[in-house]
Every structure is written in structure tokens, then in C-alpha cells.
Amino acid sequence: MLEIGGLEKSWPGFRLAVGFAIERGEIAALLGPSGSGKSTLLRLIAGLEAPDSGSIFVAGRDVTSLPPERRGIGMVFQDYALFPHLSVRRNIEYGPMMKGVGRALRRRDARAIAASFEIESLLERSPYSLSGGEQQRVALARALAAKPAILLLDEPLSSLDASLRLRLRVEIGENLKKAGMTALLVTHEAKEAFAVADRIFLMHAGSIDAEGRPEALYESPPTAWSASFLGRGPVLEILGLEGNGGSPVAVTAIGAFSCSPPPAGASGAARLSLYFPADAPRVATPAASRLSETRNVMRNIIRGRVASASFEGKTRRISLACPIVAGPRRDTGAEIPVELEMPSRFRPSIGEILEYEVGPDRCLLLPGSIS
Amino acid sequence: MRRAADSRKGTWLVSSLAALKAAPLLAYAAAALLPLAAILILSHRGDSSPIGVVFGRSGALAAIARPRFTRAIGFTLAQAAMSSLAALAIGLPGAALVARYKFPGRQALKALSVLPFSVPSVLVVLAFVLFYGRAGYLNRFLMSIFGLSEPPLDFLYTFWGIVLVHGFYEFPVVLQTVGEVWERLPRDREEAARLLGAGKYRAFATGLLPSLLPAIAQAAALCFLLCFFSFAVVMVFGGLAGSTLEVEVYRLSRLEADAAGAASVALVETAIAIAVVALIALCERGATRGAAARGTAAAKEAGSPPELRSPRALVALGLAAYALFLAVFFGGPMLSLLVQALSVHSGPLGQAHAGIDNFARLFSQGGSAFSAALLGTAATALPAALIATILGSAGAFAIRRGSAAAKAAAALPLAVSGIVASLGWSLLFPRGGIALIPLVQALCVMPYVLKSVAAALSTLDRSPVEAARTLGANRVRAALGVELGSVSPALLAAFAFAFAASSGDINVPMVLGQGGFETLPVYLFRLTSSYRFPEACAAGVVLAAITSAVFAFKEKGGRAHA
């Protein structure tokens, strides 16, 4: 339904270069930190900015050089951009009116859409008098009333307060599905993308770092950056990689780790990083740690001082300050923070030295680095 | 028990504070209404009843029914309307450029907004005579390149001459008022319109223009008011074309000693002005409302305007054309003033060369008149600026959380022109003499001071004051120590502005000056009227130097605040 091919746009200090496609009826999310270029990408697709090169196809039609009003694209703006001088009804009727739809038909359509969004009672009101949530619904209704082929949503929930955001997160997804809409949503909040999207494109520094279904991305982030951005667990720089094929050993600043062989596609990557899920490490048994000491290698052991421990409900997030034992900064007294997620019944005291071990099957080599 | 006593004391304090707050507003209303009342009553002593004052044989209605006044009313309204349209035509392209694009000179263009208030009208008159007059630079230039024997442009002393001068004098008001609102309007409404199927122009007309209209109307109404009250421009250029109510009041009271006639015209003039002031206030509310309606979280950031773009292609061309247009037709007159002031005509053939003889002559040849005028300006403008700053900022503090009535009271003095106020106060204090000049000037500038200080106060962060109160300062000390401290740059700027405006004012000293007392603008007016241009230009440059030196000072203060 939407095909982006080799789209590029650069300005001093930044280069956006992406290509991807969205299927009919699919809800996709562009997820990334602010400054990753996702809003710019959305504006390029909408025609509000011109790309340096590349192509944009909507429903099989090349719209790259068309003005915004002829692309068949709808958009919900971050601030909703409702017309303050028009009533809610006339806001909703605006799109059909521009397309030359007759008055009677416009009215009927507006009422039908308002009914499905449960905003019928607001139709004659001014946008001034609406709450944030109501404005959001009107903005969505207005965009859909113009019957676009695809709908773009730019951080549609960021203007709302936390509790409303949680509720509308679900609602917005339902409404889009109900309307059978193909949609592309931009957000910087992973949870928002997970809740709404069928597929997520993770954006980092102007390009798509990873893509996939929300569950898949969360369970096994495919890149070092995605694992770190989604907050799934520590990502450590690899100083040296020993052994090959079956069981590689990655040497990091805080110790050596036997790990799973990298997936076929990743082994060719220029750089690899070590990652394990934050909840994978287990408290090391004394025997295990002694064993490693006798062999003079602290294999798959994370040893460090508890710097902080914060209660997060079911789990407790523990930040361990691990001394650097390998590499150029070795024995300088410098430490690397490693964040772990432990059951919350476990209450370490600050300053306590803890030792964890993490199984080779949970230690993964991911392409890319976060430094 | 103790608590009850405390809370009683609290309410007493609050209510007395509220009364204290109302005091400046009462003073404002009095400043506007007292002279009007004086005009109404004192000048119609013959008809003792209030009904007679209006409807009597020599009452207001009878006086203004005379053809001379119906003509003047028509002329005043027509020239003010046309002048406002001219100001819109010159100012709106500038507003669009300033609101959307960044370019060198953008700040300077925005800074022009103080021009109508601080550059003396006599100076503008003189500059336009030198440039657009029959023997002016523009005509001489056109004659030389087209080989003409007669000057092609001869419209300065007509209706259209007045419109031209007003258009260039007041366009910065449009540029500033509209540009500021436009700059802050969220751009996404226009983009939303595009995505809903509207073309470029339709998106502008339906998505943006409606939010901009109140600001345009407000600017137009303000221009209308300023041109409606125009005095020096009409005195010089309107001689043959017609005269405005403001000029009529002056002529009747000072030259024809017809107090009753002057009073009638003054009352009619003020009644119309009050309607215009009300319209301005109405539009202003609409203008700020349009910019404020946004999403909830974004509303907090409404202060930060959208990003500006660098102009490209057609826009860059338009910008260059606009800059050239302003430089020639608006910069030209100003430059002529300087050139004329610095050229010396030697011998009967009028060979000109550069020199400072004109300045030297100001001080030597009967130069005591110039020195006296300089002294007169300082003696009136300094106290006027001081009074205006004190009253204006007191008013700004008072209306900050005030009601609509308070705001209306604060705006009321805008509707009383310099000539009318002078007339009223001189009726109230017949022996006031020239001591009334700074007082009346202060009252005329006060509404603008109030507005700028109120604007500074509204952008003020409340939290330091709240912090001061939690740290043990009471309400008054918090206001004095913290708020006054933070707005002091704005107060300084307001003082500078008030000084510039008062030293350039000609209306008040023209009415109230007596016994040979002159200020620089009056002196300048006398020289201009008797066609002594070289000396007038030299005096004008001195006056311009005074007002613009103060303006530079104001800029510094303004920037420190921003």
C-alpha cells in the first residue's frame, strides 16, 4: 500500500536514508528516539517536505512529485491542528468539501463517522472547548472523513496526560482496525508502538535499524542498538572474539563470555556486541565462581558492587558497577555499569558485592554497537 | 481563635490591597474623562443644562452641523481609512516575510515598529517634503532621466499626499502586530488543510487566514486611530485638500478663539475614537485567542514560534524587491533629510557642497531660539517620561489579573487625542500654563507604556515570586523585590520610549505653548512652514539624534529583558 524506495534527505549533520513497504490494512509504527528522523520521514511521505532522491508509491501510484493534497494521504498532527474557527462538524466535513462532495452527503458522512467515534454530542462545539482526548478523536475523525488511502499519525498521544494516553493507545488501534485503515504511526515510546502496531520499524540516526512484529522485536532484538533502545538488557563492547563456529568466546571489559554462535546473517557484520537479557543472569553458586578463579578466567561471571536498586513492582532493577578487568582501561579503577532485572523479593544492600552467572545460551552476539 | 483573627486580618489586607490596585485605574479613567467633562461643561457655560450642551442652539449638534465640520468629519474618516489601507498594503508583505523567513535585516525590520511612536511627525513631514515635494529629490531625479521640464509628481499637498505619508509612517504597526501573531500561529493547520485536499492558496485562505484576520483588523484599527488623530501631517499637507477634526479643534481653540465650536468638534472626535479603541480591544482578544487554541501539552509551548526558513527563489526575489521598495520610498526621504542638513548652498547660484554650516547657524544666527527649544524639549519630555513610566507601570501591575472593566479603563485614555487632552486640561487649569505640557504629554503616552509593561509582566515567570513567598517574603516585598527587579529592563525601555515620544510630540506644545515657549518639534514646524529647509533639516537631525539615541537605549533594555 505504501512503498518507500531509497528515500534520501540530508542537511548539515544529518542524513536520512530509508526504504520499506507497508501492506494494505497494516498498522506500522516508526519507533525511535527524538532526532532519529522519524518525523521528517513522515513529512516526506506526506509531501510537506521534498526528498533529495528516492520514490514514494501510494496504492501503486507514484506520488513522489505530487503536492500533499493529491497524494491520498491523511495525517493526524501532534497538536491535532484543528481549525479553531470551524465547528467540530465543519472540521470533519473539511476534507470531503475540498473534494467537492455535496453538502447532504458530507453531513451524513460526518454524522456516521462522529457516531463511530462517539463524538456526536460535540459536533456543534468549537475546538476551543474540547478536552485533549476529545480533540484527538476529532482529529482522527477528520482525517478519516477525507477517505485517505493511508493515514499518518505523528506522535498522536504525546499531548495527552498519562492515564488518558493508556486508554487512547488501545482505542486508537481499535478505531484504525475497525476502519480497515492502513496506517503509519510515529512514536518515541516503545510501549505505544507495541500496543498499536502490527509491525515496527526501529529508526536510528536516519535509517531503519531493525524491523519486525512487536513480540519478535521484544523477545529477540536483532541488533545491538535495538536491544539497548528497547531496554532489554546490557549490551557490551567486544574487545576480542576467540574460538569459532560452535562456541565463540567474547572478551569484554568486564570478563569473558561463552556465547551462542551468531545468526548466519550477523557473522558478516563489521562489528558485533555482546547482549544478554537483563533477567537472564542467575546468582552464581560458590562452586561456579571458584571454578572460574582456578582456571584464571572469570567465564560468564558478572561481578560488581551494587550501585543502586530500584523497586519496579514484580521486578527490581539493580545497577551493578563492574570493575574493568580487560582491555586498555584495565586496572584503572574504572567501572562499567551493568543493569540487571531481578525478582523484587531480592533486596540487596547498596555497596554489597554480588556475583552472577549467565548461561552461554542466553549470551548473544548482535551486529552493531551502541558506542 | 487565633486563626480566625488571622483570617480576618487577611481579608482586610486583601480588600485594602484590592482598593489600592483600583487606584491607578481610577486615575486612568479620571485622566481620560476629566478633560472631556471640562470641555463639555466649561466651554458651554451659556447653556447650563446638560441637554442644552448637546442640543442647544450653540450646542454640540448645532456646531457640528455646520458644513465646515461635516466636511472635516468626512475628510478625517476618508483619509484615515485610506491611510490604513495604504499601511496594510505596505505592511502585510513585510509581516508575511518576517513571520516565515529568516534573512539579514529581519530584526531591523521588526524594530521599525517603534517608528510611528518615537519618530516625530514633523520630522516625517519635512523628510517627505524634501523627497516627494515639487522640487524634491524624486522629482529632480525623474526630470533628469526623462528630460522633463515640469516635475511629474505633484500630489504631496493633496488627499493622496496625506495618505502616502501616513501609509509609510504607520506601516510598521501592521508589520509588527500582524507579523507577531503570524509568527506564532502553528503551521500545522495549513499543512492539515493541504492533506485534507486543499491546494496551496486554499489552504492558506481556509487554514491560516481566519486565525490571522483579527490581528489584521486590530492593526488596521490602530492605524486608523493614529491617522484619525494625525495633526502635523494634515496641518502641512492638508491646507488645500481639507482638514481633520484634530486640526479643526486646534484652529478653533487657538486661532479663532471659538471655545464652544472647538469643544463640540472635540467631543465628536472623542466619541468616534472611543468606538475605534473598543474595536481595537475586541480584535486584540480575537488575535491572541486564535494563536492560543492548540493541543493541551503544546499550549504550554505556545511561546516558542515555529522554525523560520531561509527564503528561496521567488520569495528571495520578493524579499529583495520589498527591501528595495522600502529603501527608496521610505529610506529615501529619511536620507534626504540628512543630505539636506549637511549640504551648504554658497552663492546665489546655489552650488551645494558638504559642510556643517547649517548646524553652526542654528546656534549662531538668532540661534537662541534653537537653544531655547532644545531646553524646552528637555524640560517637558523628561518629567513627562517620568510621570508616564510611573503611572503606566502602576496601571500595568493593576490590570494584570484585573477584570475586563479594568482593562477598558486602562485603554480609555487612548481615545483622547493630544489636542483634545490639552484643551480639556487647559480649561480645568486656566492658569496651568506650560507646566501642563509634561502632564498632558505623560497622559497621552501612558497607555502605550502600560501596554508594554503589561506585556513584559505577562511573560514573567511567576515561580520566582512564589519562591520568594515560600522563603518568607510577604506579598508586597515579593512584588517589589522580585517582580520589579525582573521587569526593570522593561521599565527602562518604557521610560526611553516615553521620552522619545514626548520629545517628538508637537500636538500638546502647539496648544499649550505660550509666551514664546517652544520645543524642538514646534521650532521645526515653524521653520518648515516658512520654507527654511536647510536649518529645519539640521534641527531635525538633532531631534532625530535625541529620539534615536534613546531608542538604542530602549533596544538594549528590551533585549536584556528578552
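Student: How many of the 14 residues of α4(A) are buried?
Tutor: Keep in mind that this is a predicted model: local features need pLDDT of at least 70, side-chain atom pairs count only at pLDDT 80 or more, and totals for chains, interfaces and linings use all residues. Residues are numbered from 1 along each chain as its sequence is written, while chains are lettered from A and ligands numbered from 1 in the order in which they are written. A residue is buried if 20 or more other C-beta atoms lie within 10 Å of its own, exposed if 12 or fewer and partly exposed in between, with C-beta atoms placed from the backbone. On that count α4(A) is mostly covered, and the number of its buried residues is eleven.

Student: What covers the buried residues of α4(A)?
Tutor: Helices (H or I, at least four residues) and strands (E, at least two) are DSSP runs, numbered from the N terminus. The buried part of α4(A) includes A:Gln135, A:Arg137, A:Leu140 and A:Ala145. Their cover includes β6 (73–76), α2 (88–98), α3 (103–116), β7 (150–154) and α5 (162–178) of chain A.

Student: How far apart are the end C-alpha atoms of helix α4 (residues 132–145) of chain A?
Tutor: The expected span of a helix is 1.5 Å times one less than its number of residues. For the 14 residues of α4(A) that should come to 20 Å, which agrees with the distance in the model, 20 Å.

Student: Which residue with a positive phi follows α4(A)?
Tutor: Its phi is near 50 degrees. The residue in question is A:Lys147.

Student: Is A:Glu155 buried or exposed?
Tutor: A:Glu155 is found in the loop between β7 and α5 of chain A, and its phi is positive, near 45 degrees, though it isn't a glycine. Because 20 other C-beta atoms lie within 10 Å of its own, A:Glu155 is buried.

Student: And A:Glu118, is that one buried or exposed?
Tutor: A:Glu118 is found in the loop between α3 and α4 of chain A, and this non-glycine residue has a positive phi of about 55 degrees. With 11 other C-beta atoms within 10 Å, A:Glu118 is exposed.

Student: How many residues of domain 2 of chain A are in contact with domain 1 of chain A?
Tutor: The bounds, from an automatic or database domain assignment, are 2–224 for domain 1 and 227–367 for domain 2 of chain A. Their centres, taken over C-alpha atoms, are 40 Å apart. Two residues are in contact if their C-beta atoms, placed from the backbone, lie within 7 Å. Eight residues of domain 1 of chain A meet that test, and in domain 2 of chain A the number is ten.

Student: Which residues have the most contacts inside the largest nonpolar core?
Tutor: A nonpolar core is a set of buried Ala, Val, Leu, Ile, Met, Phe, Trp, Tyr and Cys residues joined through C-beta atoms within 7 Å. The largest one has 162 residues, and those with the most contacts inside it are B:Leu126 and B:Ala498.

Student: Why does this core lie between domain 1 (75–292) and domain 2 (356–562) of chain B?
Tutor: Helix α21 (residues 436–458) of chain B gives the most to the core, with 14 residues. The core lies between the two domains because residues are given to it by both domain 1 and domain 2 of chain B.

Student: Which helix gives the largest share of the side of chain B that touches chain A?
Tutor: Across the two chains, 21 residues of chain B are in contact with 26 residues of chain A. On the chain B side, α10 (188–195), α11 (200–228) and α15 (296–300) each supply at least two residues. The largest share, six residues, comes from α10(B).

Student: How many contacts beyond four places in sequence does the model have for residues 293–304 of chain B?
Tutor: Over this stretch the pLDDT stays under 50. The number of such contacts is 23.

Technical notes
pLDDT is the predictor's confidence in each residue, from 0 to 100.
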